[in-house]
Amino acid sequence: MKALVLSELKTPLELQTRPDLSAEAIGAKDVVVRLRAAALNRRDYWITQGKYPNITLPIVLGSDGVGIVTARGSEVENTFGAGEVIINPGWHWGENLQVQSNEFQILGLPHDGTLAEEVQIPAEHLWAKPWHLSSTQAAALPLAGVTAYRALFGRGGLQAGQNILVTGVGGGVAMFVVQFAVAAGANVYVTSSSDAKIDAAIGLGAIAGFNYTDPQWHQTLQSRCGLMNVIIDSTGGPGYAKLIELAAPAGRIVSYGSTAGAPERLDLFQVFWKQLNLLGSTMGSELDFGAMLDFVNLHQIQPVVDSVRPWTECNQSLERMKAGHQFGKLVLVM
């Protein structure tokens, strides 16, 4: 089979030939999925740059994928027949639903991922592809979708009618947060450095957006829209102080990343006086993944796809991600 391999940090992925996967070569509880589509996440780019712990090379990246089961281990039943399956990339969450175990892993490191013609997966992490989505659309869903769902509902506790702010709209997780929150009946507001991305988010159902390059954007938001019950953020950094100001009493600020580093300051007076909840969130459990798929099916959510390329053009998609130009997911077809 062919696979895109990262052999050296800060170098392009290389198309290599690897042994085909077969039922005889996999574990008794594993399957082989022949991929039809895959998608990129910011995680893939960080790994290529060496900004991720415990990188072992060479590695096939990729956490998102949709395909057909072509081989089964000796203990795996023919559950899905010839139907398409979607892969849950979060493995070994553990028994505590509140937090992942020390054994938690994400497909694409340390295990070879979906940027290949075939991938070996524990059968327990396969789910039926949402019936209303194409392979290309469904491939955009797994990692970003479950991250958004847990951050929004499992951690943020969003309810219909509440005000929610989604920062940095345009990335995969943020786009799903917007779509899920709109479907849940919340009042959705967004930020971005791009007016075009703000307009696109409004087209998806957001009420308004604010360009964070304006130093007073948070004051404008508060004066026009009020305080936020839920804030979903992946940036941290200097702008985090403005989120503390924007949070309503008993509000929840959920962080699923910190691309701008640690906040420069944290106003603990506002935290305790407004009785704020500062929450962290990472990926999700198998139950979260199933609940996310149920929500997507119920509301007929269609992932926002920025671009679709042949999978052999993955390096071009990574460059687009690096530049921050994408609005939605970067999808690759096999």
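**The second largest pocket**

A pocket is an open set of grid points, on a 1 Å grid over the protein atoms alone, with protein on both sides within 12 Å along at least five of seven lines. In this predicted model, the second largest pocket has a volume of about 260 Å³. Its lining comprises 16 residues, and Leu 21, His 111, Asp 112, Val 119 and Gln 120 are those that lie nearest the centre.

S8 is mostly covered, four of its five residues being buried. Strand S3 (residues 30-39) pairs with S8 in the antiparallel sense over five bridges; within this pairing, Val 33 has Val 119 of S8 as its bridge partner.

**The six-stranded parallel sheet**

Six strands form an open sheet with parallel pairing, in the order S12-S11-S10-S13-S14-S15. Strand S12 (208-211) and strand S15 (277-280) each have a single partner strand, so one side of each lacks a neighbour in the sheet. On average, and with direction ignored, neighbouring strands of this sheet are turned by 20 degrees against each other.

S10 and S11 are parallel and are paired over four bridges, with Asn 163 standing opposite Asn 187 in S11. From S10, Asn 163 and Leu 165 point one way while Ile 164 and Val 166 point the other way, and all are buried. Strand S11 (residues 187-192) is in turn joined to S12 by four bridges, also in parallel; the bridge partner of Tyr 189 in S12 is Ala 208.

**Helix H6 and His 218**

Helix H6 (residues 217-225) lies across strand S10 (163-166), S11, S12 and strand S13 (228-233), and runs at about 160 degrees to S12. His 218 belongs to this helix. The residue counts as buried because its relative accessibility is 7%, below the 20% limit. Beyond residues up to four places away in sequence, His 218 touches Lys 242, Glu 245 and Leu 246.

**Arg 150 in helix H3**

Arg 150 lies in helix H3 (residues 142-155) and, at 8% relative accessibility, counts as buried. Leaving aside neighbours within four places in sequence, Arg 150 has contacts that include Trp 93, Leu 97, Gln 98 and Val 99, as well as Ser 281, Thr 282, Met 283, Gly 284 and Asp 288. Arg 150 and Phe 289 are 139 residues apart in sequence, yet their C-alpha atoms are 8.6 Å apart in space.

**Backbone exceptions**

Most residues other than glycine have a negative phi, and most peptide bonds are trans. The peptide bond from Leu 57 to Pro 58 is cis, with omega near 0 degrees; Pro 58 is placed in the loop between helix H1 (42-48) and strand S4 (64-72). A cis bond also leads from Leu 109 to Pro 110, with omega near 15 degrees, and Pro 110 sits in the loop between strand S7 (105-106) and S8.

Ala 250 is in strand S14 (residues 247-255) and counts as partly exposed at 41% relative accessibility. Gln 275 lies in the loop between helix H8 (268-273) and S15 and is exposed, with a relative accessible area of 60%.

Conventions: Residues numbered from 1 in each chain as written. Predicted model: local features only at pLDDT ≥ 70, side-chain atom pairs only at ≥ 80, totals over all residues. Heavy atoms only, no water. Pairing = 2+ DSSP bridges. Helix = DSSP H or I, 4+ residues; strand = E, 2+ residues; numbered from the N terminus. Axes fitted to C-alpha atoms, helices over the stretch in contact; angles between N-to-C directions. Contact = heavy atoms within 4.5 Å. 1 Å grid on protein atoms, 1.4 Å probe; cavity = no way out; pocket = protein on both sides within 12 Å on 5 of 7 lines; lining within 4 Å. Points joined across faces, edges and corners; volume = space filled by probe spheres on them. Buried < 20%, exposed > 50% of the residue type's maximum accessible area, 1.4 Å probe, protein only.
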